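Hi,

Here's the structure I promised to pass along.

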Amino acid sequence: MTVLVFIDPAHPGGRVADPDAPQLSVLDPGVTRGDGVFESALYTGGKVRKLEMHLSRMAVSAQVTDLIIPSAGAWRAAIATAISQYDAAASPGAAPAESVVKLIATRGAESADGVHDYGSAWVTVSPAPELGRRQRETGIDVLLLDRGYDSTVAERAPWLLMGAKTLSYAVNMAAIRHAKRNGADDVIFTSSDGRVLEGPTSTVLLATRERDEAGREVKRLVTPTLETGILPGTTQGAIFAAAKAEGWELGYGPVEPKHLREAAGVWLVSSVRLLTPVNSLDGEAINTDAKLTAELSAMVDSIN
């Protein structure tokens with residue numbers, strides 16, 4: 001079951017449409033060139049989690065890509081309509097425990113004077129994949145793959161749109177297919193100069209346990225630095241805020257593959273799959289800490 005709502009000036013709350021019927025022009029640059037931006041949020045317990053963070057990141061992606069998108073208010077109205085329709089269509093007592101709210105905006109067709117018109121913008125709500133929920137419990141096996149550029153490319157080549165969440169995900173999906181063909185579940189990208197970047201659809205977290213001079217345990221949570229051009233993770237940011245409140249130390253890279261192998265635990269985190277433990281890298285088992293996973297999972301569960 002999927003509900004589709006287009007943002008339409010003629011319909012203040014959004015226009016409900018049939019997701020199985022043709023809706024987009026074959027000339028839409030989002031279709032022909034992947035020229036657009038998107039966000040995916042988790043809908044559970046009657047609430048869209050981290051909605052304002054997703055709206056904020058989408059606005060940044062639009063700014064980076066010079067894309068005109070609807071206002072935050074228009075997105076909120078369309079989301080409310082979509083969720084209302086989705087909940088109403090669900091069988092009593094049979095609504096999915098977790099669903100995905102996806103926001104998508106494309107660039108309009110170019111006019112004769114070279115200016116792009118307002119493109120298409122829509123919201124979908126659909127059940128979350130069962131695979132993601134299973135992987136939270138079982139963990140995943142991961143391959144390290146070279147992303148093909150060094151860790152300074154974002155500053156050197158801003159036209160590559162590093163750090164923007166665009167529709168151009170062909171490389172990301174190809175990486176996951178490569179992992180599955182080679183007996184793994186997912187990927188962590190590395191830069192050509194040996195820095196850990198991110199997953200195709202996730203952010204990397206690692207944790208360490210140490211003892212200070214007084215013998216007290218110090219837990220430290222680390223993620224790769226944004227200066228490498230990775231996408232700012234909304235779930236990572238929320239976990240960091242919760243961890244700081246719990247007394248954890250926080251760090252932002254640079255992270256190298258050896259740090260993943262030496263860590264007490266490594267996780268891939270995203271808005272839909274949430275916190276997923278990494279069991280192995282390139283076929284080699286790494287440390288997994290069930291207690292740390294439980295602590296971080298509790299933080300994730302507390303995120304609104």
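Bear in mind that this is a predicted model. Searching the whole structure for aromatic pairs turns up three. In one of them, the ring centres of phenylalanine 38 and tyrosine 169 sit 5.2 Å apart with the planes at 80 degrees, so it counts as edge-to-face. Phenylalanine 38 belongs to strand S3 and tyrosine 169 to the loop between helix H5 (153–156) and helix H6 (170–181), so this pair ties together parts 131 residues apart in sequence. Both residues are buried.

Another pair, phenylalanine 240 with tyrosine 252, is tilted: 5.2 Å centre to centre and 55 degrees between the planes. Phenylalanine 240 comes from helix H7 (residues 234–245) and tyrosine 252 from strand S11 (residues 249–252), twelve residues apart. Phenylalanine 240 is buried at 3% relative accessible area, while tyrosine 252 is partly exposed at 46%.

There's also a charge over a ring: arginine 147 lies over the face of phenylalanine 189, 4.9 Å from the ring centre.

On to the packing. The largest nonpolar core has 24 residues, and those touching the most other members are Val48, Trp75, Ile79, Val101, Leu103, Ala105 and Val123. Strands S1, S3, S5 and S6 and helices H2 and H3 each give two or more residues to this core, with H3 supplying the largest share, six residues. Beyond its neighbours within four places in sequence, tryptophan 75 has contacts that include Ile7, Leu55, Met58, Leu103 and Trp122. Apart from this core lies another one of 20 residues, among them Leu205, Ala238, Leu275 and Ile303.

Cheers

Technical notes
Residues are numbered from 1 along each chain as its sequence is written. This is a predicted model: local features need pLDDT of at least 70, side-chain atom pairs count only at pLDDT 80 or more; totals for chains, interfaces and linings use all residues. Side-chain values use heavy atoms; hydrogens and water are left out. A nonpolar core is a set of buried Ala, Val, Leu, Ile, Met, Phe, Trp, Tyr and Cys residues joined through side-chain atoms within 4.5 Å. Buried means under 20% relative accessible area, exposed over 50%, partly exposed in between (1.4 Å probe, protein chains only). Helices (H or I, at least four residues) and strands (E, at least two) are DSSP runs, numbered from the N terminus. Contact means heavy atoms within 4.5 Å. Rings of Phe, Tyr and Trp (its six-membered ring) pair if their centres lie within 6.5 Å; planes under 30 degrees apart count as stacked, over 60 as edge-to-face and the rest as tilted. A charge sits over a ring if NZ of Lys or CZ of Arg is within 6 Å of the ring centre and within 35 degrees of the ring normal.
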